[in-house]
Amino acid sequence: MLKALRQALGYGWRYLCSRKIYFVCCTVVPMLFAFFFIDLMKEGLPLKVPVSVVDLDRSSLSRRVVRNLGSTELIDVAHSDENFNQALDRVRKGETFGFFIIPRDFQRNAISGQGTTITYYSDLTVFVPGSLAYKGFKTVAVTTAGGVVQTTLTTAGVNEQVAGTLLQPVVIGEQPVGNPWLNYSIYLCNSFIPGVIALMVMLLACYTICDEIKKGTSPEWIRISGGSVLVAVVGKLLPQTLVFSAIGVFLQAVMYRFCGFPLHCSPWNMVFAMILLVIGSQGLALTICCVIPNLRLSLSMTSLVGILSFSIAAYSFPVQSMYGAIGIFSYILPARYYFLIYADQALNGIPLYYSRLYYIALLIFPLVGMAGLPRLKKHCLNPVYVP
């Protein structure tokens, strides 16, 4: 048994080193994506989203509103347009992500108490800058309305402190948990980088297994492994496990050590989670290979599952708010359980005991794959490639 395992491992290492593309998939792609994404999000939050302003009043109050708009950290008043159509054209061309309209007679109507309307539009086609533009617009609109009301009350003889209390009777104190800096990089890098690693793990595992059937070398592969398909699969995938795990742990060190991302648990908790993510992703790929022992179809299915992980694994949209028929698929994705471990351990620092089920879930994936090994062995011993 040990001799067969050594032979299978040697075969697996030689296969992994036989083509440069395997090395690229294991190391270059995850690291390039990680460093690109970390550099892209190094500011933590996109700031100074370009917008335009349509000031139809041209009064001292409207100019003050425009100055307040430009002084916020989220918005850059890049253009001053003459009318609605001109501002809308800029949004359609992609020059701005929204515009703010101050109506005619704004100052006169606001001071006289007749009431006026400030209108703002944000382009949510590009979600992040559109949302930031909306947030900046809303903040300025609310503070402007409050300022006008406070001025009106104080003019009518109400004490300034009393007027402020009437406008804001309850002061809200915000205490963001886990990410008090509201840093997008902390959240996104720890989600998408492991997601890319899981995707590459599944693609390479699926390819290297089904490629044996396509080329007709699978009987020799099983023979070298002592006739055991389990030994053959372990020998094939274990070298990939070691390489991907090393790359994953290295990228974790970059994020937690050099980028200063929060890590409120023992580093070994996240290292163990990364290793299990690699093993769980290989187990899912093995399951797909057992069900669909065809290179083209299994790669297509693996690619689909890996890509959908970025949305269904609930990185940016909670499972509880998904349609039930869609949200249920999040529980068959290894990336989902890694993300839950990250949220519990690295961000919240809760005791490891409460995350034990997520670690166990990652271990179930290879066990499910092993259940289909008899079917895989049958196709390996009688390889028939269907293009």
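I began with Arg90, which is buried at a relative accessible area of 19% (buried is under 20%, exposed over 50%, partly exposed in between, with a 1.4 Å probe and protein chains only). This is a predicted model, where local features need pLDDT of at least 70, side-chain atom pairs count only at pLDDT 80 or more, and totals for chains, interfaces and linings use all residues. Residues are numbered from 1 along each chain as its sequence is written, and side-chain values use heavy atoms, leaving out hydrogens and water.

**Salt bridges**

Which residue does Arg90 meet in a salt bridge? I found Glu95, at 2.9 Å, N to O (a salt bridge puts a side-chain nitrogen of Lys or Arg within 4 Å of a carboxyl oxygen of Asp or Glu). Glu95 is partly exposed at 35%. Asp81 joins Arg90 and Glu95 in a network of salt bridges.

I then looked at Arg108, which pairs with Asp105 at 3.2 Å. Arg108 is exposed at 53%, whereas Asp105 is partly exposed at 33%. The structure holds eight salt bridges.

**Cysteines**

How many disulfides does the whole structure have? My search gave zero (a disulfide needs two cysteine sulfur atoms within 2.5 Å). The sulfur of Cys206 has its closest cysteine sulfur in Cys289, but 3.6 Å is too far for a bond. Cys206 is buried, at 0% relative accessibility.

For Cys189, the closest cysteine sulfur is in Cys259, 7.1 Å away, again too far for a bond. Cys189 is buried too, at 0%.
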